[in-house]
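This report describes one protein model and the ligands placed with it. Please have the sequence and the structure open while reading.

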Amino acid sequence: MASRRDFLTAFRKPLKNISEESALVVRPPYCYSESLFQSECPACESKACVASCDEKIILIRADGTPMLNFTKSGCTFCEECAKACQMNEMDVLSLDYEHTKEKVNAIFRISTEACVAHHGVVCFSCKEPCIDNAILFNGMFNPVIDMDKCTGCGFCLGRCPTKAINYFATQIVRNPKDEE
Ligand code: SF4
Ligand code: SF4
Ligand code: SF4
């Protein structure tokens, strides 16, 4: 019987052209790789990650894989989706995956055109929910997101009255040390 290590090693070999052929998707934290979502989640009957999320930000896409939607809330890194997925005895989400336990695979940006604080209006709506203090103001104006601090939690997105915050998915990158 294949060991857990054998199983994971198999997925360290990227599926051919998977990143080029598929649009990137913002996934739950505690994940290992995009390949694993695509190979395992469509056959998962429970979709237990969805019900486990108190913030209700996990949706199932048409292809049967989970994605995060930050329209109404954000990720608290509560670990519940990873625990729920593990109850399926699958390794798609796991607290063992160090490279994604504190970061969602998304880059957030503030549009300087749409943000009123870039046009002389006092507004701290995005700053308040950012517990990582990743939104930096120059005095009272011109907020920018510090990429080193931003976890991609998404809580700022829905708070902006002018929808000036946007995001895009990035590849799920493993730390080279994880490959050893
Ligand atoms: S519970 Fe795990 S295997 Fe099932 S859909 Fe969610 S992430 Fe995929
Ligand atoms: S860590 Fe918690 S809040 Fe974040 S997606 Fe998973 S269940 Fe939802
Ligand atoms: S800027 Fe702050 S609130 Fe917005 S996604 Fe990053 S860490 Fe979360």
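A nonpolar core is a set of buried Ala, Val, Leu, Ile, Met, Phe, Trp, Tyr and Cys residues joined through C-beta atoms within 7 Å. Buried residues have 20 or more other C-beta atoms within 10 Å of their own, exposed residues have 12 or fewer, and partly exposed residues fall in between, with C-beta atoms placed from the backbone. The model is predicted: local features need pLDDT of at least 70 and side-chain atom pairs count only at pLDDT 80 or more, while totals for chains, interfaces and linings use all residues. Residues are numbered from 1 along each chain as its sequence is written, and chains are lettered from A and ligands numbered from 1 in the order in which they are written.

**Fold and core**

The protein has five helices and six strands, taken as DSSP runs numbered from the N terminus (helices: H or I, at least four residues; strands: E, at least two). Their order from the N terminus is α-α-α-α-β-β-α-β-β-β-β. Of the 180 residues in the protein, 31% are buried. Two residues count as in contact if their C-beta atoms, placed from the backbone, lie within 7 Å. Among contacts between residues at least 6 apart in sequence, 66% join residues at least 24 apart.

The largest nonpolar core contains 41 residues, and C31, C81, L93, C156 and I165 have the most contacts inside it. At least two residues of this core come from each of α3 (34–40), α4, α5 and β3. Beyond its neighbours within four places in sequence, C81 contacts P28, Y30, C49, S52, C53, I58 and L93.

**Ligand shells**

A residue belongs to a shell if its C-beta atom, placed from the backbone, lies within 6 Å of the ligand. For ligand 2, the closest are C53, C75, C78, E80 and C81. In the table, Ala, Val, Leu, Ile, Met, Phe, Trp, Tyr, Cys and Pro count as nonpolar, Asp, Glu, Lys and Arg as charged, and the others, Gly among them, as polar.

| Shell | Residues by class |
|---|---|
| Ligand 2 | nine nonpolar, two polar, three charged residues |

**S125**

S125 lies in the loop between β3 (106–110) and β4 (135–138). S125 is partly exposed because 18 other C-beta atoms lie within 10 Å. Not counting residues up to four places away in sequence, S125 touches R159, C160 and P161. S125 and R159 are 34 residues apart in sequence, with their C-alpha atoms 5.9 Å apart.
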